[in-house]
Structures are given as structure tokens and as C-alpha cells.
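Q: Please show me how to read the main features of a model, one feature at a time.

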Amino acid sequence: MVISSIKPLIAVGVSAAASLLILSSGRTPNLREFWSLLAGVIKLLVVASMIPVVLGGDTLEYTVVEFFQGAGIKFRVDALGLMFASTAALLWIVNSIYSIGYMRSLKEHAQTRYFACFAGALSAAMGAAFSANLLTLYLFYEIITLVTYPLVSHKETPEAFAGARKYITYLLGTSKAFLLPAIVLTYTVAGTLEFSKSGIFQAGNPVLLTVIYVLFIAGFAKAAIMPFHSWLPAAMVAPTPVSALLHAVAVVKVGVFSILRVILFVFGVDMLKDLGVGLPTAFVASFTIIVASTIALTKDNLKARLAYSTISQLSYIVLGAALLTPSGITGGVIHITNHAFAKITLFFCAGSIYVASHKTKISEMAGIGRKMPFTMAAFSLAMLGMLGVPGSGGFITKWYLVVGAMEAKSLIILFVLLASAILNAAYFLPIVYTAFFNSPRDDHDEHGHGHGAEIKENPYIVVPLMITAIGSIILGFYPDVLLAFIRRM
């Protein structure tokens, strides 16, 4: 049953309102950050209040404005969108606490702008999660790009501006060149932009439909599928909490979430099987998984290694959906949350290390696990999820992907998943080994400043990263928390 409700609009609007309050409280840091946390709590409560309704089999809808038949600004809360929104709402609170510790410890400039843009990004992510049609999704997809640009360029250095230019050029360029034409063609052929569980294309020229599908995949460059991926490593010039936002909560997750919407709710599984584009998409995702993991092996900078890991891990989501099998789709969808908890933890840990020691290179982190035990313990727990070790959320993802590959009868995909697991271990395990088992050589940063006596974990930073690390393990032991949403898709 479809229920008319203003709740999705409230969920979108609360952090947008918080942005204005944050901007008006710039001279009072405690009040400014109070607004951010209060908005996070309200958003989570609003989102949580919709869970029983959706899991009960109903759908919430709210139309803001309808421009013409089948196209307008409209919100719909279904199981897929609510799972993504719940993840984003929960992690925003954790990231806000972390950001307070990080930004204050480093005495960063422009903190008011930072927190305001952060809130705006979460508002846009919520809008994308609850979009009822392609027009609404496109609107919030673009807003996310614009509102996160100041976050990427936050440091205002030549390197930061160069990375931000690449970021916005890639994301706006691909959305205008590929995504917008795909949406126009979709409306021309289907006569609607409304998402549907069975897909919105009843019939059409197979060649034209294939072209539209390819335009969609290329247009959602936030998913970082190769070759539309290089904006993501460039965006690592941003402060670490922003990197965590980009990789775990908002930007890249909106990219892969949008691709899931297109595969499942625009084309539908049956249509894509008829077009024969499922396995080719899976092979493109597989290429991204292997190549990005290989590049990650070569990176000594911790955030750069994590960035290429993200490129690889995102393609698990696309790969699972592209298999067009029940288990494959389940593995892809569930990885949205499993990856979010693990990857935000890893970036939190990278930021914790930087705040305490100003170290950014893995080769400089010998023995740091003994001085920062909570940080590196959390890193190790999150790493288990990336490796897919039993007991972690990542294991649930890979279990379903393997079963999905067998359902699709693809030995190539099975080989890709095995090779990826080996590569993940190859670029993650040396980090933990270096931190715990290598002896420190010379505890000085690149400027010659000693940090040996100063290395101390910040509680505002450590508590959030421990929460998300434990969360990534809980998801492995209690996957039904997420599978309940998938059963209602």
C-alpha cells in the first residue's frame, strides 16, 4: 500500500535547515556543532520511524511538484532507498563527532563552511535515496557534486584546487554528457521517469535501449567505474573526514546506488537479460576490481591506497547487480552498508594517525600500532571486512557474490572474486604488519619534527572509529538487519 507522508521531505530538509543554522552560528563553535549533531539525531529518528512501515510492506510517498506526467520532484521511501538512507543517517552522526575532534585538533580554517557543506551533502544524499523518479535523482545527484566541491578544495592550496577541479569536471561533465541524454531518451521511449519494480520499459528498439543503458552507466561517474575513476584519487586532497564522507556515506555510494536504481527499477532484470548486457557490465566491473586493487598495491600513501581500494570495492556492488541473479543482487545491495562501515573506519583511522603523528605514508608507520592501539585495532577489524573474513560484514557480501556467480554459471567471475580476495590481502595485511610488528626507525615527519613523545589518540576521534569498527563486525554476525530490507525490494 502507498501511504502519503511528509516524512521523506522532513528527512531531506532537516540537514538543509541545519546548514543555515550552522552558517548563522559561525562565531559560536559549540553552538555550530550542536546544530550539526542535533540535525543528525533528528534525521536518524525520522528515518528510523519509517522502517517499520516499509518492512511491513508499505511505501511512503510525497510529491513536491509535478511538472508533467511521470516527471516531477517526488519522494518515495522503499526498502532499497531506506536501507541506504539509514546507513547514511547513522554514519553522519558518527562522522560529525569525528569531525569535531579532527578539525579542532588540527585548528583547521573555515570550519563553519565545512560543517555547513557537510550537512548539505547529507541532505542531498537523503534526497537521492528517497527519489521516486529519475528527474528527482538527477537533481540531488548534481546537488551533491556542487555542495561537496568546497569540501574537496577545503585546504585552498594549489593541489587542493587542482584536485577539486578534476573532481567537479569529471562529475558534472559525465552527468551532462551522458546522464542527462539518457534521462531524456528514457522519457521519450517509456513516457515516464517513475521507478518501477518491473522496470519502466515495456518495449523498444534493443539497440536504442542498450545505448540508453550504456549512457546511464557512464553518466553515474560517482560509481568510479574505470575509466571514469580518476576524480576519486584526486579528491583525496580533502581533509580525512571528507574522504570518509566521499567513500562511505554520500558521493560514491550515491553513484552505485543510482546504478542499482537503473538496473533494478528502470530496466529491470528481465529486460537486461533480453538485452544481454548483464555479463558485459559484470566484466567491466571485474576489470575495475582487479586493476584498482593492483594499483592500490603500489601506493605508499595510506589515503591513496584506501582510495583505490574504494574504487575496487564499489565495483562489487555493480558486479553483484549485473549478474542479474537473486544472490548476486543481494550481495551487491548489502555491500552498500557493509562497505560503508568498514571503509569509513579505515579513513577514520588514517585521520587519527595523521592528527596524532602527521604521518601519511605506510612506510613511516612502523610500530605505530603500539602507540595507537585503539586506532590500529579498529583498522584491523575493518580490514577483516574488506578481506571478507568470516564474522565480518564483508564475508556476507562475498558469500552472496560467489553464490550469485555460480547461479550465473560464470567461472570468470568466480576467478575475479578469488583474485580480488588475494589482492585485498596483499595491500591491507602489510599495513597492519608494519604498524604492529615493525620497529620504528626514526620518528620524525617529513619536516624533521619529532613526534615520538607526542603521539596520543584523541578520544573524539577514537570513539567514533571504534563504534564503526564494531559495527562492521556486528553486520557480519547479524546480517538479517540488512537482509530484511532486501526481502522487501
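A: Helices (H or I, at least four residues) and strands (E, at least two) are DSSP runs, numbered from the N terminus. The model is predicted, so to speak of local features requires pLDDT of at least 70 and side-chain atom pairs count only at pLDDT 80 or more, while totals for chains, interfaces and linings use all residues. Residues are numbered from 1 along each chain as its sequence is written, and side-chain values use heavy atoms, with hydrogens and water left out.

Q: In what order do the strands of the open sheet stand?

A: Strands pair if DSSP finds at least two bridges between them. Here three strands form an open sheet in the order β1-β2-β3, and the pairing is mixed. Because β1 (2-4) and β3 (71-77) each have a single partner strand, they stand at the edges, and one side of each lacks a neighbour in the sheet. On average, neighbouring strands are turned by 35 degrees against each other, direction ignored (axes are lines fitted to C-alpha atoms, for helices over the stretch in contact, with angles from 0 to 180 degrees between N-to-C directions).

Q: How many bridges link β2 and β3?

A: β2 (residues 59-68) is joined to β3 by seven bridges in the antiparallel sense. Among the bridge partners, A71 of β3 belongs to F68, and I73 of β3 belongs to V65. The two strands form a hairpin with two residues between them, and G70 in that turn has a positive phi of about 80 degrees.

Q: Which residues of β3 lie on each side of the strand?

A: In a regular strand, side chains alternate between the two faces of the sheet. On one side of β3 are A71, I73, F75 and V77, on the other G72, K74 and R76, and all are buried (under 20% relative accessible area; over 50% is exposed, in between partly exposed, with a 1.4 Å probe and protein chains only). Since seven of the seven residues of β3 are buried, the strand is largely enclosed by the rest of the structure.

Q: At what angle do α4 and α5 pack?

A: α4 (residues 111-129) packs against α5 at about 165 degrees, the axes being 8 Å apart. α4 is therefore roughly antiparallel to α5 (over 145 degrees; under 35 is roughly parallel, 65 to 115 roughly perpendicular, the rest oblique). Residues in contact (heavy atoms within 4.5 Å) include F118, A121 and A125 of α4 and F140, I144 and V147 of α5. α5 (residues 134-152) also lies across β2 and β3, running at about 85 degrees to β3.

Q: Is M83 buried or exposed, and which residues does M83 touch?

A: M83, in helix α3 (residues 79-105), counts as buried because its relative accessibility is 1%. Leaving aside residues up to four places away in sequence, M83 touches V333, I336, T337, L482 and F485. M83 also lies 10 Å from A48, C-alpha to C-alpha, although 35 residues separate them in sequence.
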